[in-house]
Amino acid sequence: MTETTPTMEEISDAESFVDCEELEDTPSTLCSDSKGDFQQTDASGKAPYNENLNQVSEEPKNKKTSKTVQTSAHTRTQLEGLLEDLGLERHYTEKLSLSTILQIDEKTITDEPAKCNSDLPWYFLKKLMMVNVVARNVKCTSVCESNCDAASEKTELNFDDLFNGPHSGDMLNPLDIITALFLCSDGFVQQEMALKMSMCQFAVPLLLPNCDSKQCTLMLWALRDVVKKYRPQSLSESKGFIENRIVVSELPMISFVRLGECSLSKSEILNMLLNNTQQYHNTFVHCNLECGDSPRRISNGLAEITWYLPCGNKNMDVFSEPVAVANLRGDIASFETQFSFLCQTSEAVFVFFDNLDSECKLLINQNHKAQIFLVGNYQSQRFSVDALKKVATELHLTNSNILLKANHMNDADFVKKLQNTIRDVVENSKMKMGIEKMADIAHELGIRVDEDCSECQTAKKNADAITTEIQDIFSYKEAQLPLQGQIWKDLTCLEKEEFRLRNVGSKDIEKYKSDLQLQKTKLRKKQNSYDMSNAMSCFIKAISSPGIERCYFLKWMRMNLDNLSREKLSGLREQYKKKYKENKEEIKDIDRQLSNSSLGTEHFFREMGQIYEASLSLPETDPSRQQLQHLPRLCAQLLLDGFPIELVDGDASNIPLRWVSDVLSQLNDLVCPKNKILVVTVLGVQSTGKSTLLNTMFGVQFAVSSGRCTRGAFMLLIRINEDLKKALNCDFMVIIDTEGLKSQELAQLANSHEHDNELATLVVGLSDITIINIAMENSTEMKDILQIVVHAFLRMKEVGKKPKCQFVHQNVSDVSAHEKNLRDRKLLLEQLNEMTQAAAKMEKKEENKSFTDVMEYSPDTGNWYIPGLWNGNPPMAPVNAGYSEAVYELKKTIIQTLVSCESSANKILDFTEWMKSLWNAIKHENFIFSFRNSLVADAYMRLCTEFNKWEWEFKKEMYTWMTNAETKISNFGTVALESEISDMEKYLLLLKSEACTVLSKWETKILENLEQYFKQTEGHVYLVEGYREDFANSAKTFRREMKNSVFYQLEVAADIRRGMAGIDRIKEKHTKELEGRVCTLIEECRGKKVEMTDNELDEEFDKMWNRTVNELSFPELKATNIITSVSHCLRDNLSHKGSYVCELLSQKSLEHCGLVPFKYTAEGFSNKCKKTFDKFLKVFNIEEHVRALEKIADSIIDACTQVVTDKMKRTNNYHDTYIQEILHMIDERLKNNQDVKSIEIEFEVSLKQHICGDAVRQFQKMQKDFLHENDPYRCLSQNKEKFRADFKDLFNEQDQCQKKAEEFTECCFRPAVEDFVNRSLGPDITGEMQTSFEFSTRMFFQYSILLDLLSKKNYVKYLKYIRSYEKYVKEWILDRIVEHLSNGSKMFEFEDKHLQSSIRSINNAINKAKTEKSGNLKTFVKNVCQELGDKLVISQDALGAFMILNNADQEQFAHWLTECVKDMEHTLREKFKETNIQMILQALHVKPQNELFIKLIGCGKQCPFCEAPCEAGGKEHKEHCTSLHRPEGLGMAKWDGTGKLVTDICTSLVISDGCFQCNATKSEWHPYKSYTDIFPDWRIAPDKSLEASDYWKYVLAKFNNEIADIYNLKPADIPETWKKVTDKQAEASLKESFNIK
Ligand SMILES: Nc1nc2c(ncn2[C@@H]2O[C@H](COP(=O)(O)OP(=O)(O)O)[C@@H](O)[C@H]2O)c(=O)[nH]1
Ligand SMILES: [Mg+2]
Ligand SMILES: [Zn+2]
Ligand SMILES: [Zn+2]
């Protein structure tokens, strides 16, 4: 083709680089002269390639032709072609943005090699963003494989293949990829690429060519973010350093260009030039690098730049002063503009050439400021000495300006020679110019500058307008950002004090709190009094600008401020270093100045947050408040753009909660429904490379050792790509970086440790994975950090969150690290265990013994060893590839862990909730006890509701079973129950064992349900994992109680049956006897063979009746001596309490007990007290004690009376089981109250006597009634008329069928059916009521009662609720039931359901009996009864009376019976429709009000201080808790001196320094703070938000006088802020307390 085509010899020439350079610099380029219709030419611009469109002509034998590239000049340009190959064509117009390139996708974790060309840019970016120095080694495996793996290679000998090797024809040159990516990226991606490239010590683009438009661009903006540190010779003594933004640093620049052909590899020589012998690194891509020999398609004309920066060590530094080095790709003949630019900006230009001839014009014509050096290769065959001479003379060059690679000179010598020349140039440099300055020259030459775009310029103007105002940072902040200064710090103090109450002293707590609130309001007012500062309005205006301009603005701001801080801080740092070991005070002062002098964009956002928060205290309609409404959305938008936002303000150590929540809520709106997030956090000592780690891992931009000393936490958002969303179950990853932990500078400040703790607890609490960064060098700080972290983890475990953690050990590069550090890891674990124990002790959670108790951690998989960041000696060291790779492994593990743990990702709003609740808890000192979280509460509530459902299903089934069993017992020994067992005891045993089976089955079922429940991934069930055992125990307890209750009921039923059996026998005997007599009488009368009148028959019957009655014996039914019985039971019950009790019991007979209302004198008690502790009496108020006991007594008496009344209604005989039940109940209740009040034995005895005495009388009456009712004589007489009628019928042989059927229905069926309905209704109603919100859980129940009270606004009701809680609740429940059932026809439906079911059973029984065809009516009836034996209890009395004197025909009877049953159904239905609810409730066996009460009263415990009822779910909870405590005054507490009601609330008391004393403390004073010592099973969580107790504040404030009146005390001093609570706020607080949305 042309002379440039090398011959075979040249190819096989050992000096391969000659060839390479040629390749490097001789790709096809486009002619610039012919516009529009481009022609392809080779480098020399001569012969155009004869290129066939769309057809790749590959001739492997000829390297030259192989680099001909697939192009289609007519349809697509060179650039378009390449972009298409790379799959980037879309992005040429639609530029790549950071949030796109940083998103996490499947490729992040699969690590697949690039398969095709279009993978390459992403592959490069992925590696580059992780600052991996191998990023430029991009090539697709498919191309490589197809060439290398050809089977022929292994089997054949083919010299062609050996000589030619795999060609790189369709592989892409890395420079093309880089150029393409720069062309397709927006300014921010460009900046990021340049930054990461410079960290890799890659040369970065200075002039970016566009081979289509022939334009090139100066990459000023792209390089703006590069900051470099170095130490010039002058500072090597003082160990100082210079840190500066590279574009503004004025450095001499040396440029390297090529003219025409050149056999020297310019780039390779440059690399050698810039490296000292210790570290070799390829700054520039050259032809001996992977794909470096591929032809360049679009990157000619690219000028790259790099910097040589000294480290201050003479032996290592190549140049002792910094120097910029530029390298122009391509022939200057084709890129004159670029060449001119370099000539005008460089100190020197080195022109590489082989052959100079006509091109000298190019050199001569230059109007250059730079010195020209000619670099030629004398070894080249084309080298022409004549031409060189000519040019040198024309340019007036001296010997020193001409560098030739002479014969026998090797590369090293040649490079040395070059270095020396450059050193000379640099040392005498006169032309120092920053890149920023080059912009002017660029403009002159018609070169575009990337900052020219209007968005960037406007943004710059806006940013400069703000930052140029800044003279002294400290005073600037005071003037322009006043809200975040002292006011915000004071506010923070007040806020924390509100929670911590450290300085309350002896003041009235609630008043103190109210005062704090007023002070806060005042400060907010003060904040509002500032007009918005000029800076802030500019700032807000600027960030309100559309998309890209805003980004530019923020970047400008960030850079400008960084520049400022860097200047200001370096001075202070100097001072600091000097003073370091001297004066503590001065250091503190410098520290403060350091902190005061830092100013970043975060300060502006902080101010925005404060302005916003302050505005919220203005009325909603206030225009200045409304003006600021949009700020959160603005910030949310920024977050979405990947901008980091401050979460914790480390200076004040506080979170502006409203602001951050509102921002997050706006964010939620923006992304909804894609709002699931996972959180990754890093913790570790200051300046140990945490930010660097995160930046490397995610390609983000957290501030790295920015020279500012900040503290706090920043978060940013990374998108998850669609392909990974499902596996990760989330849409965004939130990354949180922490700053300033254990920082030396900040350690001097007060509360430093506390602040560290707060920060760590928060971020650990928020994260799904916490990376703990450990740099082994500073082990004491590390220990501190570990301690803090362990503490945080422990706390999280206690609140139900289990974050995962990864320990990262930095600066460990040995490959054997993992192996060798086995011992270290063991040591670490030991340390962690120790710390866990220490932390557990502090938090009073000693059950945590080892670190693994606190969290899942395996020493083997939870540790990462990461080599040092730099490969060699900075500043010239690139990032260590090992570092990048190790970080990548960590990243993959983190993501995979998140994938595999299937954690239910949080929604953004859940995150907000966590943040709020964690922070509020952190503000308290006692974190664990202070933690309350609506997510936990929500999950707990759900679990309770679910558990209640299971429990109720269980109970309902037991009721059904029980009803059935009772029926069977009632029918035992009668015709209705045919059982093989004739002994009641045995039968009872059988039933009991059956009951046990059913109970066990249910227990297992509940436990299984529980198990299943915790397996689900939704609903945050893991948060209530800690309660699982409570509920399992509750299920067990429930079963136990259920068993006792069932057994008890069975016993009672059996007792009753036994009692009835005797009576039934007597009655039966009597009836039998009478039947016989009546039959005889009929015989007699018939024998007379005369017609007998009705009267005569009557007479005969009467005679017979009287005779018989006289002859029959009517044994008097024995009445038990109830007094003796009950006394015996009582004695039995108290027998284990010692002889003193016996004595007490003997003192008073039960007859005399319970006659007057219960009164307790506490005589014995006060006597004892007088004897034992004298001083105790002074502080201990007997009166109060007695009153409290009486209150307990009242509630117990109430409950017992209720039981007795219920028993009375059943009209049964007395049984000892009754009194035993009552005594048992008293014991239970006393036990419940034991821990609140010490209960003397005298009290117990006296109370039991009172109750038993009363019960005795009731039971006596009951027995009397029973005996009367069942008196055999009476019963017989009752039936006299029936007998008479039957007698007559029989005598007259009248058909009895219809009559008997009516009688049977009326006397046997109807009562049985009604009884059945009554027994079945109770569970139905209970079940129905439980479906309503207010009865579904204890919490909702409390909420509903309190809400109802609030709406009634009646203090009497309040007092009743407070003083007689149980009674009030019972009545309330009953009211609700009546109300609920009065509306609609639910009640009737239930009744009808059971009615129908009974009728169905009856009809079935009749039909079945009919088929048996016994022909005997008695057998028929018996069969019917038997069939119904386990459903209906048919009165034996009535049945007996029915059976005798019965001659009815079976079939006729059956017919009539069916008819009668129909009628009965009808009548009963009518009756049901009419009866009112209250009547029905009265008649029920299972009383829904009692059932609900038992369920909702729960464990029955009340707060030991304010008596608010416990609301915990299940029965066996470890801790009692209540959502809403109340001012103690409501419970009659008064101040000793003044007699005024007390306003204190438990929730504040338990965090105050106050003390309490009561019986449980043995009347010693005990600090409230450690109330758990005394009441270990109570958990009194401090106010969630400080507004939560508004409800009771409102009530007390409103009814202060009335309540005081009734208590006969003085009204409380109501704190100011309480008076301002409105009823709306009270209601809102109620909702908040009970977590009702
Ligand atoms: N020598 C060395 N320096 C590191 C390493 N990791 C980070 N650095 C440097 O340490 C400084 C502080 O890093 P930075 O990430 O800001 O630390 P942070 O305060 O923990 O976030 C930066 O200048 C980093 O370049 C490392 O592994 N080795
Ligand atoms: Mg950091
Ligand atoms: Zn309380
Ligand atoms: Zn409880």
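Helix axes are lines fitted to C-alpha atoms over the stretch in contact, and angles between them run from 0 to 180 degrees between N-to-C directions. This is a predicted model, in which local features need pLDDT of at least 70, side-chain atom pairs count only at pLDDT 80 or more, and totals for chains, interfaces and linings use all residues. Residues are numbered from 1 along each chain as its sequence is written.

View 1. Helices (H or I, at least four residues) and strands (E, at least two) are DSSP runs, numbered from the N terminus. Of the 1637 residues, 57% are buried, meaning under 20% relative accessible area with a 1.4 Å probe, protein chains only.

**View 2. Helix α42 (residues 934–970) and helix α55 (residues 1297–1330) have axes that come within 10 Å and cross at roughly 175 degrees.** The crossing angle makes α42 roughly antiparallel to α55, a term for angles over 145 degrees. Where they meet, α42 contributes Trp952, Lys956, Tyr959, Thr963, Glu966 and Thr967, while α55 contributes Arg1319, Pro1323, Thr1326, Gly1327 and Gln1330; contact here means heavy atoms within 4.5 Å. The residues of this contact divide into three nonpolar, five polar and three charged, where Ala, Val, Leu, Ile, Met, Phe, Trp, Tyr, Cys and Pro count as nonpolar, Asp, Glu, Lys and Arg as charged, and the others, Gly among them, as polar.

**View 3. Helix α44 (residues 1028–1087) has 60 residues.** From its first C-alpha to its last, α44 reaches 84 Å, close to the 88 Å expected at 1.5 Å a residue, the expected span being 1.5 Å times one less than the number of residues. Lys1089, which follows α44, has a positive phi near 55 degrees.

Notes
Chains lettered and ligands numbered in written order. Heavy atoms only, no water. Buried < 20%, exposed > 50% of the residue type's maximum accessible area, 1.4 Å probe, protein only. Parallel < 35°, antiparallel > 145°, perpendicular 65-115°, else oblique.
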